[in-house]
Amino acid sequence: MSALSLNPLYRLQFEKAQDCYVLLFPEGMVKLNPSAAEILLQVDGNKDEAAIVSALRSKFPDAPEDIDADIADFISKATENNWITHG
Amino acid sequence: MAKPQPGPPLWLLAEVTYACPLHCPYCSNPTELGDKADEIDTQTWLDTLSQARELGAVQLGFSGGEPLLRQDLEIMVKHASDLGFYTNLITSGIGLTEKRIKALKDAGLAHIQLSFQGASPDINDLVGQRKHSFEHKQKIARLVKQYDYPMVLNFCITATNIHEIQEILELATELNADFVELATVQYYGWAYLNRDELLPTKAQLEEAEAKVNAYRDAQKSGPKFIFVTPDYYETRPKACMNGWGSTFLTVTPDGTALPCHSARMLPLQFPNVKDTSLETIWYGETDFAYFRGDDWMPSPCKTCDEKDKDFGGCRCQAYMLTGDMHKTDPVCDKSPDHHLIQTAIAKAGQSQKTLVYRDPKNAIPISIAETD
């Protein structure tokens, strides 16, 4: 599997006033829920999907078993939205 | 009943000057352009940006007029990026050079939105009333990408250039745009003066939209095209500004704070950043809050089950068309004034008048229908 990167058109940042992470892009913004933000924070251009899953597992040892499916689901949506690129 | 308290002003539009080297007849700036001497100074802008960021604003547009005419633009961009804003430069490209593109990049500018008035020198330079501007804009677009900015191209579509839609799609692809706004213009300011000449016919719009859809379907990569139909051809009004005073804050060149860039035309007293804090402007009880919530709504909005979707539409449009800013936006086919829109549509493609190009020497007050 190839490493995942944030599309350079998008910027991920924490917004105090909204108390959440947001994705910023030309004249637009997506508010992220906490799990989406945790996944995107792992998208650093070095890790592939498996490495992201294992990083999140060690960060959240109490996470439920089916976390892999949720992560895969979000990554697929984020790819479709062009937020992240593969390889 | 108390008006609802809004969330933070997420979007700040900084109209840093009304001066512009172009003279587009579709410009939404007020036809009374104001005096350059009244423009607020650098320090007032920097303070305003700091206050807006403190309130939670995150998207910042530098617009105008042509923002590049402010020689302190780089200082403002630097300050804004240091504060954590996502900074957008909304420009005609006139006045942009490689040196400034680089200086703005160093200052932290996040994105450049470049306008085109057509897909050929003939149309582009005619609409903007400036020779060689098409050639210049193409050069600038290439530099913007060379310096790794996300680039949005904005084509304001009117009856004057709608026949070039195919060429526009091809030009945007060739220039490597990331997003392309194909925005059929809205009729405010200068555009309202020229509405009968600028409004495309329904047939022209349908043909253009079909070409955009076909192009999009055949696309494997390349720009994302966003086609905006004019609200005149809709049966429900737009959710103007996402609701009055809910998300957007505009500061005009003289420091007036508005819920949208057109609202100055309304018979209201808007506060000014020169003597009022942004916190008071956003959360206080000035006319800035006038149309928040739905207490002001007339019939048919008051009892309409869609009032939370479109907030009664655009207050400026209601005012321009009916003379009463409290009325339902005439775009809505439930509005008793909807015939005003139908009359305008019937006139599309018929006008023999010449366009009034945006120019301080042509500046005249908009004539407003008086009722009551």
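**Close-up 1. Phe25(A) and its bridge partner in strand 4 of chain A.** In this predicted model, Phe25(A) has Gly28(A) of strand 4 of chain A as its bridge partner. Strand 3 and strand 4 of chain A, which run antiparallel to one another, are joined by four bridges. Both strands belong to an open sheet of three strands, whose order is 2-3-4 and whose pairing is antiparallel. Because strand 2 and strand 4 (28-31) of chain A each have a single partner strand, they stand at the edges of the sheet, and one side of each is left without a neighbour there. On average, and with direction ignored, neighbouring strands of this sheet are turned by 30 degrees against each other.

**Close-up 2. Chain A as a whole.** Chain A contains three helices and five strands, and its elements follow one another from the N terminus in the order β-β-β-β-α-α-α-β. Its radius of gyration is 13 Å, close to the 12 Å that the globule rule gives for 87 residues, so chain A is as compact as a globular protein of that length. Taken along the principal axes, the box filled by the C-alpha atoms of chain A is roughly 35 × 30 × 20 Å. Of the 87 residues in chain A, 22% are buried. When contacts in chain A between residues at least 6 apart in sequence are considered, 47% of them join residues at least 24 apart.

**Close-up 3. The contact between chain A and chain B.** Twelve residues from chain A and 16 residues from chain B take part in this contact. On the side of chain A that touches chain B, the elements giving two or more residues are strand 2 (11-15) and strand 3 (20-25) of chain A. The residues on this side of chain A comprise seven nonpolar, two polar and three charged.

Close-up 4. Nine strands of chain B form an open sheet with mixed pairing, in the order 7-6-5-4-3-2-1-8-9. Its edges are taken by strand 7 (224-228) and strand 9 (257-258) of chain B, each with a single partner strand, so that one side of each is left without a neighbour in the sheet. Within this sheet, strand 4 (residues 111-116) and strand 5 (residues 151-157) of chain B pair in the parallel sense over five bridges, and Ile112(B) stands opposite Met151(B) of strand 5 of chain B. Helix 5 (residues 133-146) of chain B lies across strand 4 and strand 5 of chain B, and runs at about 160 degrees to strand 4 of chain B.

**Close-up 5. The packing of helix 6 against helix 9 in chain B.** Helix 6 (residues 165-174) and helix 9 (residues 202-218) of chain B pack at an angle of about 35 degrees, and their axes are 9 Å apart. The crossing in which helix 6 of chain B passes helix 9 of chain B is right-handed. Helix 6 of chain B contributes Ile165(B), Gln166(B) and Leu169(B) to the contact, while helix 9 of chain B contributes Ala208(B), Lys211(B), Val212(B) and Tyr215(B). These contact residues divide into five nonpolar, one polar and one charged.

**Close-up 6. The surroundings of Ala348(B).** Ala348(B) is found in the segment after helix 13 (338-347) of chain B, and it counts as buried because it has 22 C-beta neighbours inside 10 Å. When neighbours within four places in sequence are left aside, Ala348(B) is in contact with Leu199(B), Pro200(B) and Thr201(B). Trp244(B), by comparison, is 104 residues from Ala348(B) in sequence and 30 Å from Ala348(B) in space, C-alpha to C-alpha.

Key:
Residues numbered from 1 in each chain as written. Chains lettered and ligands numbered in written order. Predicted model: local features only at pLDDT ≥ 70, side-chain atom pairs only at ≥ 80, totals over all residues. Contact = placed C-beta atoms within 7 Å. Nonpolar A, V, L, I, M, F, W, Y, C, P; charged D, E, K, R; others polar. Axes fitted to C-alpha atoms, helices over the stretch in contact; angles between N-to-C directions. Left-handed = near helix turned anticlockwise from the far one by under 90°. Rg over C-alpha atoms; globule rule 2.2 N^0.38 Å. Buried ≥ 20, exposed ≤ 12 C-beta atoms within 10 Å, placed from the backbone. Pairing = 2+ DSSP bridges.
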